[in-house]
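Here is a short briefing on charged side chains and their surroundings. Keep the sequence and the structure in view as you read.

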Amino acid sequence: MQEKIKHKRKPVIKIGATDHAKLLSFAEAMESRNPEMAEELMLELERAKVVADGSLPADVVQMGSIVTYKPDTGETRTVTLVFPGDADIAQGKISILTPIGTALIGLGTGQAIAWTARDGRTHELEIVEVRQPAPAGA
């Protein structure tokens, strides 16, 4: 008897034009140092619907977003999605170049995605809430 393998399609993601351009340049620059994560990020960027920055809904994860998500492994977590130089796990700032950071980009509230951890195991997470940071100087 053949086992049926369940392949979930990845959800539609939206990324603002500015973040898309920055992240694409960043992924290309990272190719030689971290090829696996650079490729994962590029694959997400390729499948993203790129929209004008001003038309991106506030509940969509973008760089700098404060994201609350529920993983299949436990308690709800709140993190801020940042570039690697700003990452600080103690402050809840996770890098776009982590498997979970790459999985979060472009998702909206209520969307879920399967992602593969560094140990090769597949997990799923669901976006509970997305908040955008206050503008600088506000």
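**Charges, bridges and a buried threonine**

Glu 129 is partly exposed, because its relative accessibility is 35%. Its salt-bridge partner is Arg 131, with 3.4 Å between N and O. Arg 131 is also partly exposed, at 35% relative accessibility. The model is a predicted one.

**Salt bridges**

- The count of salt bridges comes to four.
- One of them joins Lys 10 to Glu 44, with the closest N and O atoms 3.1 Å apart.
- This pair ties together distant parts of the chain, as its residues are 34 apart. Lys 10 sits in the segment before β1 (14-16), and Glu 44 sits in helix α2.
- Are the two ends buried or exposed? Lys 10 is partly exposed, because its relative accessible area is 42%. Glu 44 is buried, because its relative accessibility is 3% and the cut-off for buried is under 20%.
- Arg 121 pairs with Asp 119, and their closest N and O atoms are 2.9 Å apart. Both of these residues are exposed.
- Glu 129 and Arg 131 meet through their side chains in another salt bridge. Elsewhere, shared partners join Lys 10, Glu 44 and Arg 47 into one network of salt bridges.

**The negative patch**

- Which residues form the negative surface patch? They are Glu 28, Glu 31, Glu 36, Glu 39, Glu 40 and Glu 46.
- Helix α2 spans residues 35-47 and gives the patch its largest share, four residues.
- Glu 46 lies in helix α2. Glu 46 is exposed, because its relative accessibility is 63% and the cut-off for exposed is over 50%.

- Thr 68 is found in strand β3, which covers residues 66-71.
- Is Thr 68 buried or exposed? Thr 68 is buried, because its relative accessible area is 9%.
- What does Thr 68 touch, leaving aside residues up to four places away in sequence? Its contacts include Thr 76, Arg 77 and Thr 78. Glu 126, Ile 127 and Val 128 are also among them.

Key:
Residues numbered from 1 in each chain as written. Predicted model: local features only at pLDDT ≥ 70, side-chain atom pairs only at ≥ 80, totals over all residues. Heavy atoms only, no water. Patch = residues over 30% accessible without salt bridge, like charges linked within 9 Å, V, L, I, M, F, W, Y side chains within 5 Å. Areas by Shrake-Rupley, 256 points an atom, 1.4 Å probe, with all protein chains shown as cover. Lys, Arg positive; Asp, Glu negative; His and termini not counted. Charge placed at Lys NZ, Arg CZ, Asp CG, Glu CD. Helix = DSSP H or I, 4+ residues; strand = E, 2+ residues; numbered from the N terminus. Buried < 20%, exposed > 50% of the residue type's maximum accessible area, 1.4 Å probe, protein only. Contact = heavy atoms within 4.5 Å.
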